[in-house]
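Here is a short briefing to read alongside your model.

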Amino acid sequence: MQLKKSRELYEEAIKLMPGGVSSPVRAFKPHPFYVYEAKGSKLIDVDGNEFIDYCLAYGALILGHANAEVKEALKEQLDKGWLYGTPIELEVSYAKLIKKFYPSIEMLRFVNTGSEATMSALRLARGFTGKEKIVKIEGSFHGSHEAVLVKAGSGATTFGVPNSAGVPKDFVKNTLQVPFNDAEKLSEVLEKNKDVACVIMEPVMGNSALIIPEGDYLKEVRKITKENDVLLIFDEIITGFRLAMGGAQECYGIKPDLTTLGKIAGGGFPIGIYGGRREIMERVAPSGNVYQAGTFSGNPMSLLAGYTTIRVLERDRVVEKVSEKAKKLCSGIRDLLSDKSANVEIAQIASMFCIYFGKTPRDYIEALKLDKEAYMKFFWKLLENGVFLPPSQFETCFMSLAHSDEDIQRTIEAIGEAL
Ligand SMILES: *Cc1c(COP(=O)(O)O)cnc(C)c1O
């Protein structure tokens, strides 16, 4: 593998941008590769290397790269202009389509990123309840805004910076934390604190490695939040349109009060969505007194890429197909693991999977015990063999519709060698 051009670009980038990157987890050592183009399941870098991609823009691309139908739709839109700053018909059609798969979402608002969606949902929960505290799960990631930048998953974990400088203590003093898969602890915290507006959680954690809810944990969380008169926010920015069309709430049969969506919902373009119960959403400006606004919110390109993607997912039963592909790959990897007696485990749910260097974690504290150095060695071996996993033990791997049987076979072989 030649990385000459990438190295040259990185040497310039490091002088121009912090860490040489636009988002922290992209900055793996000694330097990242620079992508020239992407097609289907593959990334091609500026030195001509080709990688089978299981990072898939951190889960945003369930159809793979440069899907032809999404591309055609966007091309047509370009002729009609790409930003109006006015309402468009597509807002109505897309909102209806989302509502169909998420019965808990009676009303919604389109924003530009997942971070913006969770930030707005938290403000809304506080505005609606008149209470100030929020509860988050240790190791969950909801974007990089103040209230949720405590024990915030992958980026922070990889670099050993659990909190961020520049976040005033007063901003996070109202953020309480509980471990995942521990309903009792949540119950205790809510009993003790009567001024909690909401619990925000990733129903399946995807930003501190992959952590799957056990037994009736999510049902318990719903019960406890209801009993304590606390809103429940499901951050389904990864799980939405991936675990099922209706996300984790469909899979586990839970009705949260508010939901955030993003990633897949933008079809590869920036998007965030927050929505939920009508009486709560009606509190958002201009119908209510919780303010939130955005120049690019509901822009035609993001909505169209998202809408077209979701229509394809529905028509072609993509979620099931992609889950089958992930299952096939993971069963191949499992066979390897039983041969190698390495201290490596694997978990998979729908089209999300994670290869753990250590024991399968059930919460953040256990995830921190994973061997991130061993993972990075494995990561580089795989890259040399043409397979790109996310560059951190604390990220989740994803499968796309574009991954072929041949890709899967080649990946299993590369993993066998790397192990
Ligand atoms: C990616 C992610 C976000 C943030 O979304 P951005 O579009 O990157 O701002 C929030 N929550 C979860 C669960 C995510 O995975």
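This is a predicted model: local features need pLDDT of at least 70, side-chain atom pairs count only at pLDDT 80 or more; totals for chains, interfaces and linings use all residues.

The chain has 16 helices and 14 strands. Its radius of gyration is 21 Å, close to the 22 Å that the globule rule gives for 419 residues, so the chain is as compact as a globular protein of that length.

**The chain as a whole**

- Along the principal axes, the C-alpha atoms fill a box of roughly 55 × 55 × 45 Å.
- Of the 419 residues in the chain, 56% are buried.
- Among contacts with a separation of 6 or more, 72% are between residues 24 or more positions apart.

**Strand S12 and its cover**

- Strand S12 runs over residues 352-357 and is mostly covered, with six of its six residues buried.
- In a regular strand, side chains alternate between the two faces of the sheet.
- On one side of S12 you will find Met-352, Cys-354 and Tyr-356, all buried.

**The partners of S12**

- Strand S11, residues 344-349, pairs with S12 in the antiparallel sense over six bridges.
- To find this pairing on screen, look for Val-344, which stands opposite Phe-357 in S12.
- S11 and S12 form a hairpin with two residues between the strands, and in this hairpin Ala-350 takes a positive phi near 50°.
- S12 also pairs with strand S14, residues 397-398, in the antiparallel sense over two bridges.
- Here Met-352 stands opposite Phe-398 in S14.

**A loop residue to look at: Pro-87**

- Pro-87 sits in the loop between helix H3 (68-79) and helix H4 (89-101).
- Is Pro-87 buried or exposed? Its relative accessibility is 72%, and exposed means over 50%, so Pro-87 counts as exposed.
- Pro-87 and Gly-298 are 211 residues apart in sequence, yet their C-alpha atoms are 7.9 Å apart in space.

Conventions. Residues are numbered from 1 along each chain as its sequence is written. Side-chain values use heavy atoms; hydrogens and water are left out. Buried means under 20% relative accessible area, exposed over 50%, partly exposed in between (1.4 Å probe, protein chains only). Helices (H or I, at least four residues) and strands (E, at least two) are DSSP runs, numbered from the N terminus. Two strands pair if DSSP finds at least two bridges between them. The radius of gyration is taken over C-alpha atoms; the globule rule is 2.2 Å times the number of residues to the power 0.38. Contact means heavy atoms within 4.5 Å.
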